[in-house]
Amino acid sequence: LSKKKVKALIQIAEEVLKEAIAQGGTTIHSFSANGIHGLFQVSLYVHGKEGQNCLVCGTKIEKKMVHGRGTYFCPSCQKKRR
């Protein structure tokens, strides 16, 4: 990545992390930590939305098991690199 792209990536990551922290993180619906429920999961574009259309491109969201964990992705927006 170029220095410009790295700088932009860091800025976006910081913004997302700040918003996630402000909303209590991303927790499952039945979990609460110190009385704070993780509301950031409502903002997620892909996780838990298997079979629904991607909000960016309209392609169906897929779910694959990776090392025993469910991984959700848009096969159009999140292409596998070789």
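L55 counts as exposed, at 59% relative accessibility; exposed means over 50% relative accessible area, buried means under 20%, and partly exposed lies in between (1.4 Å probe, protein chains only). L55 lies in the loop between β2 and β3. The model is a predicted one, in which local features need pLDDT of at least 70 and side-chain atom pairs count only at pLDDT 80 or more, while totals for chains, interfaces and linings use all residues. Residues are numbered from 1 along each chain as its sequence is written, and side-chain values use heavy atoms, with hydrogens and water left out.

**Overall layout**

- The chain has one helix and four strands, where helices (H or I, at least four residues) and strands (E, at least two) are DSSP runs numbered from the N terminus.
- Along the sequence, these elements come in the order α-β-β-β-β.
- The chain has 82 residues, and 13% of them count as buried.
- A contact means heavy atoms within 4.5 Å. Among contacts with a separation of 6 or more, 9% join residues 24 or more positions apart.

**Nonpolar core**

- A nonpolar core is a set of buried Ala, Val, Leu, Ile, Met, Phe, Trp, Tyr and Cys residues joined through side-chain atoms within 4.5 Å.
- The largest such core has five residues: V46, C54, I61, Y72 and C74.
- In soluble globular proteins, nonpolar side chains tend to be buried together.
- V46 sits in the loop between β2 (36-37) and β3, and V46 counts as buried because its relative accessible area is 15%.
- Leaving out residues up to four places away in sequence, V46 touches I61, Y72, F73, C74 and Q78.
- V46 and T71 are 25 residues apart in sequence, and their C-alpha atoms are 9.4 Å apart.
- C54, also a member of this core, touches T59, I61, C74 and C77, again not counting residues up to four places away in sequence.

**Cysteines**

- A disulfide is a covalent bond between the sulfur atoms of two cysteines.
- Here a disulfide is counted when a pair of cysteine sulfur atoms lies within 2.5 Å, and the count by this rule is zero.
- C74 is in no disulfide, and the nearest cysteine sulfur, that of C57, is 3.5 Å away.
- C74 counts as buried because its relative accessibility is 1%.
- The closest cysteine sulfur to that of C77 is in C57, 3.7 Å away, so the two are too far apart for a bond.
- C77 has a relative accessible area of 41%, so C77 is partly exposed.

- L1, V6, L9 and I10 form a nonpolar patch on the surface, with about 410 Å² of accessible area together.
- Patches are made of residues with over 30% relative accessible area and no salt bridge; like charges are joined within 9 Å, and nonpolar side chains (Val, Leu, Ile, Met, Phe, Trp, Tyr) within 5 Å.
- A salt bridge is a side-chain nitrogen of Lys or Arg within 4 Å of a carboxyl oxygen of Asp or Glu.
- V6 lies in helix α1 (residues 3-22) and is partly exposed, at 34% relative accessibility.
- A22 is also found in helix α1, and A22 counts as exposed because its relative accessibility is 66%.
- A22 and L39 are 17 residues apart in sequence, with 9.0 Å between their C-alpha atoms.

- L55 and Y45 are ten residues apart in sequence and 6.6 Å apart in space, C-alpha to C-alpha.
- H67 lies in the loop between β3 (62-66) and β4 and is exposed, at 82% relative accessibility.
- Most residues other than glycine have a negative phi.
- H67 is not a glycine, yet it has a positive phi of about 50 degrees.
- S76 is in the segment after β4 (69-73), and S76 counts as partly exposed because its relative accessibility is 31%.
- Apart from its neighbours within four places in sequence, S76 is in contact with C57 and T59.
- S76 and T59 are 17 residues apart in sequence, and their C-alpha atoms are 6.6 Å apart.

Terms used: Areas by Shrake-Rupley, 256 points an atom, 1.4 Å probe, with all protein chains shown as cover.
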